[in-house]
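Here is a friendly briefing to read with the structure open beside you. Take it one topic at a time and find each residue as you go.

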Amino acid sequence: QVQLVESGGGSVQAGGSLSLSCAASGRTFSISNIGWFRQAPGKEREFVAAITWSGSSAYYADSVKGRFTISRVNAKAMVSLQINSLKSEDTAVYYCAADTRGPISRRSMEYDYWGQGTQVTVSS
């Protein structure tokens, strides 16, 4: 089992920044990739970014490229998501998820473990 806990969400004005964290515990040696997804009210969950557990490769949704940066925190079982130039359409609950099978994927069905989510609210 892998446990994931997100933190760092909050309310910010458009144009601001936030840094989200995803702390993993349990059988972290089994993790292949970590993904971030988000779900806005009334919308389906969507892929945001993913990174290999080694930190060697990262992928982004087109809607966040250039504004979001996913990274593995060195020597820690933690992945961060730096969010800059926030827009109102970024408002959502952000979830991190762990994939224990690989390869890295944008599809939520490929991820085995999920955190409880952290709310990001952007006001214009």
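A salt bridge is a side-chain nitrogen of Lys or Arg within 4 Å of a carboxyl oxygen of Asp or Glu. With that in hand, look for Arg 38, Glu 46, Arg 67 and Asp 90, which are linked in a network of salt bridges. Please keep in mind that this is a predicted model.

**Charged pairs**

- In total, the structure holds six salt bridges.
- One of the links to look up joins Arg 38 and Glu 46, whose closest N and O atoms are 2.6 Å apart.

**The nonpolar core**

- The largest nonpolar core has 35 residues, and Trp 36, Leu 81 and Tyr 94 have the most contacts inside it.
- Strands that each supply at least two residues of this core include S1 (2-7), S3 (18-26), S4 (33-39), S8 (78-83) and S9 (92-99).
- Setting aside residues up to four places away in sequence, Leu 81 touches a list of residues that includes Trp 36, Val 48, Phe 68, Ile 70 and Tyr 94.

**An open sheet**

- Four strands form an open sheet in the order S1-S3-S8-S7, with antiparallel pairing.
- S1 and S7 stand at the edges with a single partner strand each, so one side of each has no neighbour in the sheet.
- From one strand to the next, the twist averages 15 degrees.
- S1 and S3 pair over six bridges in the antiparallel sense, and Leu 4 has Ala 24 in S3 as its bridge partner.
- Ser 71 touches Ile 51, Met 78, Val 79 and Ser 80, not counting residues up to four places away in sequence.
- Ser 71 and Ser 54 are 17 residues apart in sequence, and their C-alpha atoms are 9.8 Å apart in space.

**Loops worth a look**

- Thr 91 has its place in the loop between S8 and S9.
- The side chain of Thr 91 reaches the backbone oxygen of Ser 88 at 3.0 Å, and a polar atom of that side chain lies 2.9 Å from the backbone nitrogen of Val 122.
- Beyond its neighbours within four places in sequence, Thr 91 is in contact with Ala 40, Gln 119, Val 120, Thr 121 and Val 122.
- Ser 85 is also found in the loop between S8 and S9; its phi is positive, about 50 degrees, although Ser 85 is not a glycine.
- At 40% relative accessibility, Ser 85 counts as partly exposed.
- Gly 102 and Pro 103 are joined by a cis peptide bond, with omega about -5 degrees.
- Pro 103 belongs to the loop between S9 and strand S10 (113-114).

Note on methods
Residues numbered from 1 in each chain as written. Predicted model: local features only at pLDDT ≥ 70, side-chain atom pairs only at ≥ 80, totals over all residues. Heavy atoms only, no water. Core = buried A, V, L, I, M, F, W, Y, C linked by side-chain atoms within 4.5 Å. Buried < 20%, exposed > 50% of the residue type's maximum accessible area, 1.4 Å probe, protein only. Contact = heavy atoms within 4.5 Å. Pairing = 2+ DSSP bridges. Axes fitted to C-alpha atoms, helices over the stretch in contact; angles between N-to-C directions. Polar contact = N/O pair within 3.5 Å; in protein donor to acceptor, adjacent residues only side chain to side chain.
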